[in-house]
Amino acid sequence: MDQFLITGRSRIAGEVTISGAKNAALPLLAAMILAETPTTLNNVPSLQDVRTLVKLIAGLGITIEKNGNVVTCDTSTIENYFAPYELVKTMRASILVLGPLLARFGEAEVSLPGGCAIGSRPVDQHLKAFEAMGADIKVENGYVIAKAPEGGRLIGCEFSFDMVTVGGTENVLIAATLAKGTTVLENCAREPEVVDLANMLVAMGAKIEGIGTSTLTIEGVESLKGCEYSVVADRIETGSYLAGALMTEGDVTTKNTDPSLLIPVLQKFEEMGAVVTTGDDWIRVQMTGRPKPVDIRTQPHPGFPTDMQAQLMAVCCLADGTSTISENIFENRYMHVPELKRMGADIQVDGHTAIIRGVEAFNAAPVMATDLRASMSLVMAAAAAEGETLIDRIYHIDRGYENVEEKLRGLGVKIERVNPTTDNAESEANDD
């Protein structure tokens with residue numbers, strides 16, 4: 001299992017080009033199943049989650065290929081509607097194939113999903129909505145078995161999500177495009193990735209009103225065609241690299257990104273004392289001195305994103321004063337706290353609230369990544385720390401950050417990927 005070895009006291013500075021958003025690419029890939037003619041998707045990041053979903057879609061018999069950052073898809077060769085546990089277990093977004101398979105082909109059998117252990121993310125909202133559209137839903141032996149009503153098409157309905165759910169909104173939106181009649185979805189997620197999905201569906205011929213709002217009205221159509229589309233920039237990758245500047249008195253410019261997608265995070269950066277400047281497709285963050293303490297509450301978009309909570313907590317650990325973070329999205333998203341404390345952070349957690357008393361510096365220590373975003377918080381902390389830090393379980397970071405070592409090195413971070421099994425084997429060979 002690979003690890004990162006990071007030598008600290010780096011000043012994170014320079015330019016970095018941002019990749020397409022993982023959280024946008026995955027629903028867009030799933031939506032390609034709807035198209036009766038070939039589809040081309042550009043700016044697709046090379047990530048483990050993307051590779052997993054491409055493999056899952058290929059397993060349906062669909063002709064799908066990824067060359068560089070371009071994915072092409074031809075659904076005319078589809079052979080089955082089955083998504084096995086072996087692939088779905090590694091990534092929650094795999095459940096997104098349920099909607100397009102059910103809507104276009106009238107049936108699907110998809111394993112219940114896995115993914116990061118950051119709390120309860122039930123798929124019951126997806127299934128309740130499909131039942132409201134007339135589908136027969138059974139859960140047997142860990143699989144969702146879904147069939148459209150007689151006639152093979154879902155039926156438009158009015159449905160209000162019990163809670164704001166990004167995956168649920170995406171899955172049901174995809175399915176509603178081919179439903180018979182009109183579907184009105186209330187309490188929808190408004191994240192930029194949901195907007196990106198809706199825009200691609202429209203390019204495929206879908207009729208959707210209310211894009212970017214909490215109410216989506218979808219008039220079902222008979223069929224959708226392929227199109228060429230580009231994945232939106234990754235706002236979380238953008239914010240992650242910019243956060244490094246605040247921790248190391250650095251100066252980072254992110255290119256090929258969209259400042260409008262990151263407003264609540266940039267506002268916090270400014271509150272912490274950073275100088276933030278932006279252009280149409282770039283953001284620059286400059287920092288001198290220790291960060292100022294802030295209070296942060298994670299909220300659904302357009303509030304502060306939960307996916308930036310861990311990275312900002314790492315910044316708060318070095319602030320000149322006491323910060324407070326309230327995590328309101330996932331109930332188990334403070335698993336990085338013990339690891340940051342191993343590096344000298346002063347953090348107390350009480351339920352959903354973390355109180356962070358700033359320290360002057362991190363100290364190097366062996367730590368373990370617990371989920372995708374926690375991985376980056378530990379990488380940035382290690383870059384700022386005194387000494388060498390070994391980060392275990394970095395497969396998490398490979399799920400969401402493209403070419404992470406290359407990009408970090410370009411920003412001045414001394415980072416090396418090591419494999420203890422290989423290293424030990426080489427050492428034993430040398431001893432012989």
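These legends go with close-up views of a predicted model. Local features need pLDDT of at least 70 and side-chain atom pairs count only at pLDDT 80 or more, while totals for chains, interfaces and linings use all residues. Residues are numbered from 1 along each chain as its sequence is written, and side-chain values use heavy atoms, with hydrogens and water left out.

**View 1. The largest nonpolar core.** A nonpolar core is a set of buried Ala, Val, Leu, Ile, Met, Phe, Trp, Tyr and Cys residues joined through side-chain atoms within 4.5 Å; buried means under 20% relative accessible area with a 1.4 Å probe, protein chains only. This core holds 79 residues, and L29, L41, L98, F130, L154, M200 and L201 touch the most other members. Helix α1 (residues 22-31) contributes the most, 7 residues; helices are DSSP runs of H or I, at least four residues, numbered from the N terminus.

**View 2. Around L201.** Leaving aside residues up to four places away in sequence, L201 touches A31, L34, L173, I174, T177, A206, I208 and L224, where contact means heavy atoms within 4.5 Å.

**View 3. The second core.** Look here for a separate core of 68 residues, with M272, F304, A384 and Y401 among them.

**View 4. The largest cavity.** A cavity is a set of points on a 1 Å grid over the protein atoms alone where a 1.4 Å probe fits but cannot get out; lining residues have an atom within 4 Å of a point. Here the space is about 40 Å³, counted as that filled by probe spheres set on the points. Helix α7 (residues 192-203) gives the most to the lining, with 3 residues.

How values were computed
Buried < 20%, exposed > 50% of the residue type's maximum accessible area, 1.4 Å probe, protein only. Helix = DSSP H or I, 4+ residues; strand = E, 2+ residues; numbered from the N terminus. 1 Å grid on protein atoms, 1.4 Å probe; cavity = no way out; pocket = protein on both sides within 12 Å on 5 of 7 lines; lining within 4 Å.
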